[in-house]
Amino acid sequence: MKEFSYTIKDEIGIHARPAGNLVKLVKGFTSAVTIEKESKPAVNATALMKLMSLGVKCGDTVKFTVQGDDEDAAAKAIEEFMNANL
Amino acid sequence: MTVYNGKGVYSSVAIGKASVFKRRSASVPMLKIDDPAKEIERVENAKALAVEQLTAIHGKALKEVGETNAEIFEIHIMMLDDEDYNDSIRSIIENQGVNAEYAVSVTSDNFSEMFASMDDAYMQARAADVRDISNRLIACMTEGSAESGSSDEKVIVCADDLAPSETVSLDKDKVLAFVTAYGSSNSHTAILARNMNIPAIIGVGEEFLKNISDGDLMIVDGHTGEVFVSPDDETLKRLEEKQAEDIKKKQLLQELKGKENVTLDGTEVKIYANIGGVGSIGSVLANDAGGIGLFRSEFLYLESDNYPTEEQQFIAYRKVLESMVGKKVIIRTLDIGADKQIDYFDLEKEENPALGFRAIRICLTRPEIFKTQLRALFRASAFGDLGIMFPMITSVSEVESCLKMCDEVKKELAEDGINFNEDTEIGIMIETPAAAVISDKLAPLVDFFSVGTNDLTQYTLACDRQNAKLESFVDTHHEAVLRLIELSAKNAHENGAWIGICGELAADLTLTETFLRMGIDELSVSPPYVLPLREKVRSLRLK
């Protein structure tokens, strides 16, 4: 299992477009990926509407948990995606 | 004749027959079913059809309204594919033994409620998207198609509110205008309509829908937000003339767009636009203004029920600068007073508000408010060509205080490692006779002057702007006012500053020549006056 945290730098936060792209990316891997915003229960990273409803804003820190056969590659790809887009 | 009022989102006039938009799924009946597998299959088939339709709409929107506005339909496709959304539909069908339409409708309510209850305007607006995709899904099950019937005649579409996909699905060639009972000027519908260059009146109220029927003659005036149903002859004639004027203006626009503001003998002047909110940027660009000469920042304070935060202000300022892509944007700091009250400022009632506690006087007395605004402005300065302008200046010491505050803010931002433009231009309004008279002392301190002719006239002639009885005493071309402007222009230029005019006189075409002879560098007017002013400038010969 791999875990890492990321602090959002984008002004609007995880809005519809990046959320959609993140879901697309995660679906490309077999590992199970969850996202957790402090004080809220973790959501499955392939659940677009739940992901949006976390209301992740600029400055918020989210925790990713990745578990599965391709967890190393998935975690790396997600981290790169977050750095490039959010 | 009946008149309704709403918010006009695209300034033009349309005259034509009403066509009432038929909502596809007003209420969905709950039916008990025996074969859940069959219902789930119906959902799957409808989903495939819906995705196909949305892909087509996305393609159409890409061409008509551009990538940013078309993006919403790509997101709709992703939302339709959402696991939780689909799981919810499936489990309602299986556990409750109900029809697919009802399961979608309940799921739609639950998910849209989830977004509607979030404390973020962007996410709240997503509730409408959930309802939109759900309605489409239901329509795909019941009719096999989500598109409503169309007629051959051009019509004015009347609806409660239009979902984004509905706006784009409509055959643009057959729509003269939109009128909706609900909605805001920020809804997708309003934005898309604006981009499609179709006049629309938003939020006329539900009475309208009760009284309108297909085929009623209507006039839609996007300038004023008025809707006339079964207009009388006089109104019809008046608006037909207004429509003809619009068409003439559009031709003027076509001819003058992209041309320089230069006289026959080569004197150039900048023509900028005055606006009071982010929503007017579209008309600034549509009228081909070279920049924004006066952006009134009050709207941020008026729209809010408490002091807007630095972050809120920053986002708004940045949006303006980015929308203007590198063109000059001059933002005037807070200009309120007893005549433009804001409750939470808790200002005392005054006998004579025009001469009272207002504008820069409030900012210098309550530096915490001023500093928040300046921090937001300087942070935004990294995203375009910003100018900051201070209102109601009467003395050298006021300007020095403002500049000191700017320096403090810049120093703090630099310490925090936050980007800003070190060369952000700083200017002051010349709207008191005092400022004009000592303009030789003020000019060395700043980069530019901007003459506010409305206040300058009121203060110079001692005539209250609000008092209609004084109208015959207010000579807007009074020599005293013109001399003060000329003096300010001379002093600006001698001290390396530039000077603009942002009051109503800037749009007075009978004074354009006078101003150009004074050496005025920039004229800032309401967006609709930009092109008529350009035409005037291009007809002048100064030598």
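How much area is buried between chain B and chain A, and what share of it do carbon and sulfur atoms give? About 1900 Å² goes under, with carbon and sulfur atoms giving 62% of it; buried area here is the accessible area (1.4 Å probe) that two parts lose on being put together, summed over both.

Before going on, a word on the ground rules. This is a predicted model, in which local features need pLDDT of at least 70 and side-chain atom pairs count only at pLDDT 80 or more, while totals for chains, interfaces and linings use all residues. Residues are numbered from 1 along each chain as its sequence is written, chains are lettered from A and ligands numbered from 1 in the order in which they are written, and side-chain values use heavy atoms, leaving out hydrogens and water.

Back to the interface. Chain B puts 25 residues in contact with 20 residues of chain A, contact meaning heavy atoms within 4.5 Å. There is one salt bridge between the two chains, a salt bridge being a side-chain nitrogen of Lys or Arg within 4 Å of a carboxyl oxygen of Asp or Glu. Asp84(B) and Lys50(A) make that link, with their closest N and O atoms 3.2 Å apart. On chain B's side, the elements that each supply at least two residues are α1 (36-80), α2 (83-96), α3 (100-116), α4 (121-142) and α11 (310-323); helices (H or I, at least four residues) and strands (E, at least two) are DSSP runs, numbered from the N terminus. That side of chain B has 14 nonpolar residues, 11 charged and no polar ones.

Over all chains, the structure holds 32 salt bridges. One of them joins Lys63(A) to Glu36(A) at 3.8 Å, N to O. This pair ties together distant parts of the chain, since Lys63(A) sits in strand β4 (residues 61-67) and Glu36(A) in strand β2 (residues 32-37), 27 residues apart.

How values were computed
Ala, Val, Leu, Ile, Met, Phe, Trp, Tyr, Cys and Pro count as nonpolar, Asp, Glu, Lys and Arg as charged, and the others, Gly among them, as polar.
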